[in-house]
Amino acid sequence: MKGLYSIGIYLASFVVKIAALFNSKLKQGVIGRKNTFLKLKNSIKPQDKTFWFHCASLGEYEQGLPVFEALKSKHPNYKVVLSFFSPSGFEVRKNTKIADVVVYLPLDTTTNAQRFLDLVNPDYILFVKYEIWPNFLHEIKKRDINAILISAAFRKDQGFFKWYGSFMRSSLFGFKHIFTQNENSKSLLEGIDYNSVSVSGDTRFDRVSNQLKIDNTVTFIEDFKDDKLCIVFGSSWPDDDKLYMDFINSNENLNVKFVIAPHNLKPSYVASLKSQLNVKTISYSELTQNENLADYKVFILDTIGYLSKVYSYANIAYVGGGAGSTGLHNILEPAVFGIPILIGKNYDKFPEAKTLINLGGVTSLANSSAFNSTLNALITDEGLRKNQGDITKSYIDSNTGAVVKIMEYLKF
């Protein structure tokens, strides 16, 4: 099985290099991986004490960040190597202050794993959620390095738990300890005789809870909202746009404002979005110093870095990705501000969405008719908004604490 896996890695590498000729995102990853070893050689000295933090992409980075920050604060003399697999994580966080050097993870070959570990020589390794790279983990185990997996979530249909999954299963034992999000994941691990496991919960709750401790002021949104009721559409895709576009265009309530934060920030997409709106609309990229933002009905947030703060201005939030097949975005970010949340119909792979729907803080909408009636009810009924908002806030508050549990283990 190991041989087949390694062959598959080399074949995948070849295919990706060909595809990168036609895809800019893949091209970023191919070029970035070429620079990994040189960056490490220039940044890490043999005598350095180091932490290695690894995330698949941006979502996993945000999930792991509270633990990264806690370790960095406790051990400021350690250098931090942060690696990403995906360009969407690397390109956004390549200058993060949490790390001394940010790199792409090399492809999972034995040679790459040995070379990477020789250069980094980590004292501690933290992987986040789904990152299971067998050749790296087998080499980590061989060197007896302290490695842990945090916020792990497993399902019984994964290869680790199948009769043919011995190679992937054995890679899990490269971790000295695994912190899972739930009891089911813990039981699955214990079923394959992996017993160094604890249920800590999901560090994303700690991450979003920390949002309340910072200054969330966004002046241009404050000027735009102008004490009106504000509905924020976060990380929306074309399928999401179809749900809410008619509602915005037909809404004549002067006391309601809309913020649209599209997932796709390409100017052509933003222009298309704006062309579908027949109400007064402005985008972040069009802002001028003397603009009277209170005059506008819709604000398009065509930039990154603001959405988590902008949710603090929302009275109601719609979180995108669930109307189509792209995957529901993070509903915990608006939930921490204690507001009702709307999503599309596809949420089966998102346990927090299922839980909050059952609790009554999140509403799933299958079509524009359901969207219109639900949103109208929330706009007109302040008590309904408060009730649903209390549910989402309580859900966040009752699930924080994962970082404390993990740091208890990481006492050194």
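Start your tour by selecting Ile148 together with His177, its bridge partner in β6. What you have open is a predicted model, in which local features need pLDDT of at least 70, side-chain atom pairs count only at pLDDT 80 or more, and totals for chains, interfaces and linings use all residues. Residues are numbered from 1 along each chain as its sequence is written, and side-chain values use heavy atoms, with hydrogens and water left out.

**Two pairs of strands**

Now widen the selection to β5 (residues 146-152), which runs parallel to β6 and is joined to β6 by three bridges. Strands here are DSSP runs of E with at least two residues, and helices are runs of H or I with at least four, numbered from the N terminus; two strands pair if DSSP finds at least two bridges between them. Colour β6 (residues 177-180) by side: His177 and Phe179 lie on one face, Ile178 and Thr180 on the other, and all are buried. Buried means under 20% relative accessible area, exposed over 50%, and partly exposed in between (1.4 Å probe, protein chains only). In a regular strand the side chains alternate between the two faces of the sheet.

Next, select β2 (residues 79-84) and β3, a parallel pair with four bridges. Ser83 has Val103 as its bridge partner in β3. In β3 (residues 101-104), Val101 and Val103 are buried on one side, Val102 and Tyr104 on the other.

**The cores**

Show Ile221, Val232, Val259, Phe299, Ile331 and Ile343: among the 38 residues of the largest nonpolar core, these touch the most other members. Such a core is a set of buried Ala, Val, Leu, Ile, Met, Phe, Trp, Tyr and Cys residues joined through side-chain atoms within 4.5 Å. A second, separate core has 37 residues, including Val81, Phe154, Phe161 and Leu189.

**A loop residue**

Move to Asp226, in the loop between α11 (219-225) and β8 (229-236). Asp226 is partly exposed because its relative accessible area is 34%.

**A lining to finish**

Finally, select Ser13, Gly29, Val30, Arg33 and Leu107, which lie nearest the centre of the second largest pocket among its 22 lining residues. Helices α1 (2-19) and α2 (24-34) are the elements that give two or more residues to this lining. A pocket is an open set of points on a 1 Å grid over the protein atoms alone, where a 1.4 Å probe fits, with protein on both sides within 12 Å along at least five of seven lines; lining residues have an atom within 4 Å of a point.
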